[in-house]
Amino acid sequence: MGGCAGESFYWEWELTEFLWELAEFLYSEDDWEVRSALAQDANCPAELLALLAKDDNWEVRKAVAQNESCPAELLALLAQDEEWQVREAVAENANSPAEILAVLAEDKYLRVRKAVAGNTNGSIDLLALLAQDHDWEVRSAVAKNLNSPAEVLAVLAKDKEWYVRWKVAEHWHCPPETLAQLATDANDYVQEAALQHRQLPVRAVLENGSAAVVKNLFRHRKLSLAELAVLAKDEYWKVRKALATNASCPVEVLGVLVQDEDGWVRKAVAQNENCPAELLALLAQDEEWQVREVVAKRPDCPAEILAVLAEDKYPRVRKAVAENTNGSIDLLAPLAQDYDWEVRLAVAAKQNCPAEILVVLAEDKYLRVRQAVALQENCPVDVLLALANDQSWEVRLAVAQNPNCPAEGLAILAKDEDLSVRYAVAQNANCPAEILAGLAEDKHLYVCWAVLGNPNCPPEVLAKNEDWQVPSKVCKVVARRPDCPAAVLAVLAKDYDREVRLAVANNGSCPADVLALLAKDDDREVRLAVANNGNCRADALALLAKDEEWEVREAVAYNPNCSAEVLGLLAQDEEWDAEDEEWDAEVRRAVRFAVAKNPNCPADVLVVLAKDDDSDVREAVAKNPNCPVEILGLLAKDESLYVRKVVVENANCPVDLLVTLAKDDDWHVRQAVAKHPQCPPETLVQLATDPDPDVCQDALQHPQFPVRAVLENGSAAVVAALLRHRTFSLAELQWGLQGSHASLIQRHIQDQKTLTRDRQKEQNANCSIDLLMRAKSESCSIDLLARLAQDEHACVRQRVAWNPKCPDSVLAVLTRDPDVDVRKTVAQRPHCPATILAQLAMDKEWDVRWAVARNANCPIDLLARLAQDESAFVRQAVAEHPQCPPETLVQLAMDADLDVQKAALQHPQLPVRAVLENGSAAVVETLLRHRQLSFAELQVVLQGLYAALIQQHIQDQKTLTPLTWLQQVCHRKKSRMRCSFANIFRLRKP
């Protein structure tokens with residue numbers, strides 16, 4: 001006995017006879033999808049699989065090869081199939097023997113070998129062979145195979161492909177020594193997978209791994225406190241040091257390591273960013289000065305510990321204290337008098353070092369200390385002046401480099417005998433012009449060049465330099481100066497370096513004659529810069545208008561100095577010749593577009609461009625502020641809506657043209673008219689009834705819209721639109737109360753008053769948000785819940801009804817609430833008392849009674865009463881209730897509503913026999929259709945009133961043969977999908 005798709009079957013048959021009938025039927029239908037689904041079924045007999053293994057369709061043969069019940073001899077046959085997909089399926093089959101896999105391991109197709117490599121039935125020798133395959137996907141499949149031995153994984157761990165090594169690191173049985181090797185892999189994915197592996201030898205990695213590997217180990221692997229405690233007592237110092245460097249190392253473990261006998265371990269603890277202050281205090285007294293130095297360098301080291309270390313006997317420790325940004329200013333004074341010059345140097349170089357300490361250090365006998373003082377930006381002026389006369393040139397150089405060095409100090413240093421000092425003065429951005437003028441006469445060229453490159457260099461100094469044989473770097477700086485003399489620019493315009501000439505061409509102060517010279521430059525960028533320069537004369541622009549580069553011609557067309565003749569020439573730009581015709585047209589369009597946008601473009605040229613084939617050019621003409629009215633009239637008829645829209649947006653657009661374009665077919669144009677500041681009132685009234693809502697709204701909100709005239713004498717449509725899109729005061733609305741639309745305006749005033757009241761209610765609701773939160777809080781007191789149950793807002797009362805701490809007395813009050821949602825919420829409470837449910841079961845609203853019927857605690861007598869409710873929804877809820885009594889289900893099984901009847905008939909507690917014996921014919925027929933009944937259940941009522949109906953149902957099920965059923969299934973739409981035939985082959989032996 002078997003069944004499929006919710007139907008019950010009763011049959012017995014001979015297996016062999018049925019199989020041949022089934023095979024004959026399948027091939028007569030010529031439906032390969034059905035045969036493929038049959039071939040995939042695990043219960044398909046071997047005889048039928050043998051027949052399907054010779055099918056003409058390769059997908060059917062593939063389905064046979066995928067069947068785990070396929071015999072070995074069929075798999076051997078399919079392993080030689082001409083289609084690689086079939087052979088791949090054989091290689092993927094979990095029951096394929098090792099000898100078949102050995103044959104497929106030499107297949108020429110990658111996918112087949114990859115499937116063999118992933119099959120767990122492959123022998124160790126076979127996996128070792130495939131581990132040397134030339135394709136990395138095959139090798140990665142071997143690495144994923146759970147049966148791959150350790151020696152194969154060791155070989156693959158050295159694979160050149162990171163993906164293969166990654167899969168080895170993820171292998172469940174990867175040996176520890178291989179994982180230790182992969183933990184140091186260069187690839188992050190491989191290293192992370194190895195470090196997270198359960199079999200990783202952590203101690204070996206800590207002992208031999210680099211600092212980066214150890215850091216990654218602790219980042220990717222969470223070690224327990226017990227494991228860390230064991231590692232903290234490891235016999236090898238490198239393991240303990242690696243543990244001490246771990247940023248996530250617990251304080252308890254650091255407390256153990258701080259007493260380690262090895263100094264490197266204690267130093268690592270001192271470097272740990274999570275080391276607490278109490279451990280730092282212990283390390284500050286360590287016997288090793290390197291450990292104390294590390295403590296002194298920590299930016300989070302407490303000031304009291306730094307004060308102790310400031311008296312350390314080792315200079316390196318005191319120097320670290322002086323360099324620490326967390327140290328107090330009071331520590332600097334004694335350290336400034338330290339006997340070690342490196343300590344004093346650290347104090348002198350400290351940022352924001354107090355002036356009084358700098359005064360003391362300025363007299364230090366070591367030049368490096370005085371040099372550090374001279375470089376301090378907050379160094380006092382008198383100290384800088386004193387150091388400007390220092391005997392060491394390094395100190396004087398530092399003074400010259402200080403941006404706060406006073407002018408008198410720079411004047412002294414400008415006469416220094418050392419070249420580097422004078423060079424530094426010439427480079428100082430605060431150096432006065434008179435000092436630079438003096439340095440311009442220096443005998444060394446480097447100093448002179450530094451003067452010329454200084455932004456404070458006076459123009460007369462620049463003009464004195466005639467030959468300008470200076471580095472290009474200096475020339476570029478000078479050429480960019482807006483106050484650069486014309487003569488200098490003329491010289492630099494002939495410089496060999498294109499960057500210098502380009503800087504001259506970009507200079508806004510460059511004279512016209514120099515630009516005319518650069519207009520003939522060989523470099524394209526230089527000529528382009530000239531064409532963009534606002535000082536370029538018309539004659540130079542006329543020359544550039546014939547340039548071979550289209551970008552240059554485009555820049556000329558944009559230049560406001562371009563003459564009318566040149567613009568007329570560029571408007572017919574035809575000198576460009578490119579291999580790509582499409583690109584050629586685009587280039588010419590760009591030039592004409594630039595001409596049309598030029599504010600000085602003459603009217604005759606605009607007339608020509610107004611007829612251009614390109615719509616962008618015509619749009620630029622329409623946007624030109626100097627476009628004549630007659631051209632705007634011509635463009636107002638353009639086929640492009642964007643051109644017509646730009647015509648409207650032009651400030652010169654006349655009123656008559658606006659009136660014409662207000663009737664345009666496109667709403668974008670009409671909207672532009674409605675936004676135009678000069679749009680006449682009668683046109684705005686016309687646009688107020690536009691079919692497009694945006695046009696209508698813009699017209700009604702126009703400042704020149706005749707509001708009073710429309711309210712008094714306008715059409716009903718315009719008045720209605722005006723009231724909808726514009727806000728009026730009550731005084732303004734009084735204008736139209738005496739007109740023909742008084743009733744419409746009066747109704748609008750009333751609506752506004754109602755809207756005001758609704759907004760006030762909404763504000764009150766928003767004010768009770770805190771009450772909502774308190775009403776649903778379980779910590780709310782009973783007294784407060786009683787008060788909130790009488791709140792004016794229904795949402796607050798609803799939250800009270802759902803509160804699990806709400807007492808029965810409050811619930812009794814809420815059962816009489818005027819809001820239906822509140823009463824419904826009470827009925828939905830999981831532990832609502834029976835007395836309250838009985839009261840709500842008589843509610844006038846059906847959805848409240850429906851909630852009572854769905855409540856899991858609803859009493860049986862209450863369900864019996866609700867089973868007679870006038871609402872079918874309530875009765876259906878009773879029929880679906882898990883505690884509904886059998887006698888009530890029998891009653892509901894005969895209900896007039898089909899949904900109620902179906903719910904009752906499908907209820908697990910329905911007394912089937914009572915329905916079959918006493919129900920109507922329609923109810924019995926519905927029961928047989930919607931519920932699966934066993935043969936024993938049907939036999940009991942064969943002597944009842946509907947014995948004939950039940951006997952016919954049994955006979956129909958017996959006469960449905962498997963082959964007939966299969967024919968029905970195959971002709972359904974769902975047979976085109978993958979369907980299960982398992983029930984066909986669950987045969988009972990005769």
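Which helix is the place of Lys238? Lys238 sits in helix H18, which covers residues 237-244. Please keep in mind that this is a predicted model.

**Lys238 and its surroundings**
- Lys238 has a relative accessibility of 37%, so this residue counts as partly exposed.
- Once neighbours within four places in sequence are set aside, Lys238 is in contact with Leu206 and Glu207.
- Leu206 lies 32 residues from Lys238 along the chain, yet 7.1 Å separates the C-alpha atoms of the two.

**Helices H32 and H34**
- Two packed helices are described by the angle between their axes and the distance between the axes.
- For helix H32 (residues 419-427) and helix H34 (residues 445-453), the axes come within 8 Å and cross at roughly 10°.
- Angles under 35 degrees count as roughly parallel, and H32 is therefore roughly parallel to H34.
- On the H32 side, the contact is made by Leu419, Arg422, Tyr423, Ala426 and Gln427.
- H34 brings Tyr446, Val447, Ala450 and Val451 to the contact.
- By residue class, the contact of H32 with H34 holds 7 nonpolar residues, 1 polar and 1 charged.

**The buried face of H59**
- Helix H59 spans residues 794-802, and its buried residues are Val796, Arg797, Val800 and Ala801.
- Viewed down the axis of H59, these buried residues fall within an arc of 145°, so they line one face of the helix.
- As background, an α-helix has 3.6 residues a turn, so residues three or four places apart point the same way.

Conventions. Residues are numbered from 1 along each chain as its sequence is written. This is a predicted model: local features need pLDDT of at least 70, side-chain atom pairs count only at pLDDT 80 or more; totals for chains, interfaces and linings use all residues. Side-chain values use heavy atoms; hydrogens and water are left out. Buried means under 20% relative accessible area, exposed over 50%, partly exposed in between (1.4 Å probe, protein chains only). Helices (H or I, at least four residues) and strands (E, at least two) are DSSP runs, numbered from the N terminus. The arc is that of the directions from the helix axis to the C-beta atoms. Contact means heavy atoms within 4.5 Å. Axes are lines fitted to C-alpha atoms, for helices over the stretch in contact, and angles run from 0 to 180 degrees between N-to-C directions. Angles under 35 degrees count as roughly parallel, over 145 as roughly antiparallel, 65 to 115 as roughly perpendicular and the rest as oblique. Ala, Val, Leu, Ile, Met, Phe, Trp, Tyr, Cys and Pro count as nonpolar, Asp, Glu, Lys and Arg as charged, and the others, Gly among them, as polar.
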